[in-house]
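My notes follow the display.

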Amino acid sequence: MRIAIISPGRLPVPAVKGGAVESLIDTFAAMAQADSNAPQVDIFSVNDSIDAVREFSDNHIRYYQMPCTDRPESFGLRIRRRFRPEAPYQEFIRFFCGYLKREEYDAVIIENRPVFVAAAARATRAGIHLHLHNENLFALRHYGNLLPKRCQSIITVSRYIKDVVDRALPAAHTVVLHNGIPAKSFARITEPVKKEEIRKKYGIDRDAFVICYTGRLCREKGVLELVRAFSLLNEEKNMVLVIIGSAWFGTDVSDPYVEKVKAEVRHCRNRIVFTGYLDHAAVAEIEGIADVAVLPSIWDDPLPLAVLEAMASGLPVITTHAGGIPEMCTPDTGFLLERDERLSDNIAGRLVTLKNDPLLCAEMGQKARKRVEDYFSAGQYYRQFMQIIKQ
């Protein structure tokens, strides 16, 4: 069997610049490498170069990277994409379709880009599986008549997204595949010397109660609501907030929203650590010494990896009743809050509860870790993905 995986075409795979979709492709590839009966897998993405196609292999995984052409959109392109959503991706579409026409594939997995389906269907006779990581409603409506006919299946990352697709495309065959992560990459750090070393690296007192946030710093993720909650806790002693991430993947760029977040907490900046973008290993390191994760999405987050990674690190999670999050986080693994005008107050209240009750904090964290191991492991993700493709 031979499989082609088409990335969204904005970030590289392997996921050296982060990105949830790209990280999930990495997870699939890693599990395929460990599977003696795995198919040949060809992965198509972009690279950071502007003048060279890169091709390289890792066991039976082959990577094809097109020179990156990501640039500010011209006025003409903005007009064209109103009528043709695929317009910004034309070069990437030509790139991967060239291989689809020449090579024989049994299955083509298109990651989160409904706009790629028509071109891929013209280029190959292989079964096409559209893997949706968010609603992508504009593209779904634009290609609504085509997707049920051309896609062998539409794979959704949560029941929440499946319900959205079922309403938009009732004729499509949809199936849920929850995200999975390599849980062994995340763990509590209990060795005192190592724990103190990590805290010292980020200027955190050895006995501080550590709250962490990881993800993009954007309105949808509720970062402003989090820092407002933390600013309410000035009377709480020895409490530190670590904010991991930046405005965009793989960079430390800022934007007006990030500046607004930082302005909000000027009076308590000595209690907040902004790390900027960190790679997966560094994120796991900080989560390994933290006490709680707060990830208060204010949009319908489909199934955020950040929540799974925090849970795998043995952290109770304070999050929101949004999108697919309740499919991961349950009342015994964290707190699910409503997205209303009391969100910041409620985050602050739950933080005080966990700080004042170490046993509850530890118990929730242990159950969170077990839930990831039982239902969201990389192995389960890979096996279920392969079952869907082979059906």
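These entries record what I looked up, in order.

Entry 1, source. I am working with a predicted model.

I looked up how helix α13 (residues 343–356) meets helix α14 (residues 358–375). Their axes lie 5 Å apart, and the packing angle is about 100°. Angles of 65 to 115 degrees count as roughly perpendicular, and α13 and α14 therefore fall in that class. I then listed the contact residues: α13 contributes T353, L354, K355 and N356, while α14 contributes P358, L360, C361 and M364. Sorted by class, the contact of α13 with α14 has five nonpolar, two polar and one charged residues.

I searched for disulfides and found zero in the structure. C218 is in none, and its nearest cysteine sulfur, in C212, is 17 Å away. C218 is also buried, at a relative accessible area of 9%. Next I checked C361, which I had already noted in the contact with α13. Its closest cysteine sulfur is again in C212, at 11 Å, which is too far for a bond; the cut-off for a disulfide is 2.5 Å. C361 has 8% relative accessibility and so counts as buried.

How many residues of helix α9 (residues 223–231) are buried? I get eight of nine, and the helix is mostly covered. The buried residues are V223, L224, E225, L226, V227, A229, F230 and S231. I looked up what they pack against: the strands β9 (209–214), β10 (239–244), β11 (272–276) and β12 (292–295), and the helices α10 (256–264) and α13.

Conventions. Residues are numbered from 1 along each chain as its sequence is written. This is a predicted model: local features need pLDDT of at least 70, side-chain atom pairs count only at pLDDT 80 or more; totals for chains, interfaces and linings use all residues. Side-chain values use heavy atoms; hydrogens and water are left out. Axes are lines fitted to C-alpha atoms, for helices over the stretch in contact, and angles run from 0 to 180 degrees between N-to-C directions. Helices (H or I, at least four residues) and strands (E, at least two) are DSSP runs, numbered from the N terminus. Angles under 35 degrees count as roughly parallel, over 145 as roughly antiparallel, 65 to 115 as roughly perpendicular and the rest as oblique. Contact means heavy atoms within 4.5 Å. Ala, Val, Leu, Ile, Met, Phe, Trp, Tyr, Cys and Pro count as nonpolar, Asp, Glu, Lys and Arg as charged, and the others, Gly among them, as polar. Buried means under 20% relative accessible area, exposed over 50%, partly exposed in between (1.4 Å probe, protein chains only).
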